[in-house]
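Hi,

Here is the structure I promised to pass on.

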Amino acid sequence: MKSTAIANSNIALVKYWGKRNEKLILPFNSSISMTLDGLYTATTVEFSEKYKQDSLSIDGGHIFGEELSKASVQLDIIRKLAKSTLKGKMVSRSNFPKSAGLASSASGFAALTLAATKALGLHLDRKELGIIARQGSGSACRSLYGGFVEWQKGTLEDGSDSYARQIAPKDHWGELAMVVSVVTAKEKKVKSRAGMAQTVANSPLYKAWLETVEDDLVKARKGIKEMNFTLLGAIAEMNCLKMHCTMVTTTPHIIYWEPQTVSMMKEVMAMREEGLECYFTIDGGPQVKILCLDKDVKKIEARVRENKDVQKVYLCHAGDDAGITKEDLF
Ligand code: PMV
């Protein structure tokens, strides 16, 4: 009745932005990500008659309100499958700041789904786990797999064909690195969920996003399979800029970038001009993640650390599948 899972966070190289079904969390477009080895969430879930209600603790703090109810809804989906009415205690810890654009909801919901299904004795494959994890946070279905992962948007109304699959395992491209720079650890004001809904509702550029994203997916898959860094990096950077353009042009505007974000973007462009090949990507927050190859990573990391705005740097490579661990958090 108690189980602990660990899941790595993942950063999309072709982003998921916009839902065709808000409740089931079904996306308008497929997305491709890299699972990161350095950023993870561990979650222990215990179901017991001694608990009168679900409870959630994240990084040592008790959580109530919307975040607790989202986690409870996730447990409801799993309880229904397991035919259980037991309440659950959830304790979660990440080794990186939450809600700041480092995909803590992806690793969080992947770990929660895996731990809770295991605790209730369900034996599900990763496709089934992905369909559940996706309903907590869309990008969570990608964190169930290591390496390079695609979340297929699917076309069915019930979401049964909208889940993730691995494009390539982590060892396929061990030299690909991601330097994650935290320029502010502030929690973001607009959650991705609200940001996406507003973009779909009123960005004049959303149609262009959907028209061009298929081609980005084809090129990103090819870039990963052939380990063509220039192709993958250029597509990832452009896709990120296109996504941000859709949200900047909503009313009211959603601008996740801080001045430090823009200065880091320019730094990446400058390094590239100097011959240090690297590309940026940014999610629903101010942090800048820099894709590069191991041969240049030391120099690039040093340049990032020199920047006075940078508070923390994580050096990541492609990480492992999510999994169960014996080290319970309580
Ligand atoms: O899965 P959510 O609701 O955290 O949304 C993720 C949105 C982006 O990070 C901006 C893009 C992505 O594909 O991860």
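**Pockets and domains**

Lining the second largest pocket are 13 residues, and those nearest its centre are Lys188, Lys189, Ile255, Tyr256 and Glu258. By pocket I mean an open set of points, on a 1 Å grid over the protein atoms alone, with protein on both sides within 12 Å along at least five of seven lines; lining residues have an atom within 4 Å of a point. Its lining splits into six nonpolar, two polar and five charged residues. Here Ala, Val, Leu, Ile, Met, Phe, Trp, Tyr, Cys and Pro are nonpolar, Asp, Glu, Lys and Arg are charged, and the others, Gly among them, are polar. This pocket has a volume of about 230 Å³ (the space filled by probe spheres set on the points, which are joined across faces, edges and corners).

Before going on: this is a predicted model, where local features need pLDDT of at least 70 and side-chain atom pairs count only at pLDDT 80 or more, while totals for chains, interfaces and linings use all residues. Numbering runs from 1 along each chain as its sequence is written, and side-chain values use heavy atoms, with hydrogens and water left out.

The largest pocket holds about 950 Å³ of space. It has 43 lining residues, and closest to its centre are Lys70, Ser104, Ser105, Phe109 and Ser137. By class that lining has 17 nonpolar, 15 polar and 11 charged residues. Helix 2 gives the most to it, with five residues; helices (H or I, at least four residues) and strands (E, at least two) are DSSP runs numbered from the N terminus.

Where does the largest pocket lie? Domain 1 (2–170) and domain 2 (176–317) both supply lining residues, so the pocket lies between them. The domain bounds come from an automatic or database domain assignment.

The centres of the two domains, taken over C-alpha atoms, are 23 Å apart. Domain 1 puts 38 residues into the contact and domain 2 puts in 50, contact being heavy atoms within 4.5 Å. Together they bury about 3,500 Å², 68% of it on carbon and sulfur atoms (accessible area, 1.4 Å probe, that two parts lose on being put together, summed over both). Three salt bridges are found across this interface, each a side-chain nitrogen of Lys or Arg within 4 Å of a carboxyl oxygen of Asp or Glu.

Two backbone details to finish. The peptide bond from Thr251 to Pro252 is cis, with omega near -10°. Asp59 has a positive phi of about 50°, although it is not a glycine.

Cheers

Methods:
1 Å grid on protein atoms, 1.4 Å probe; cavity = no way out; pocket = protein on both sides within 12 Å on 5 of 7 lines; lining within 4 Å.
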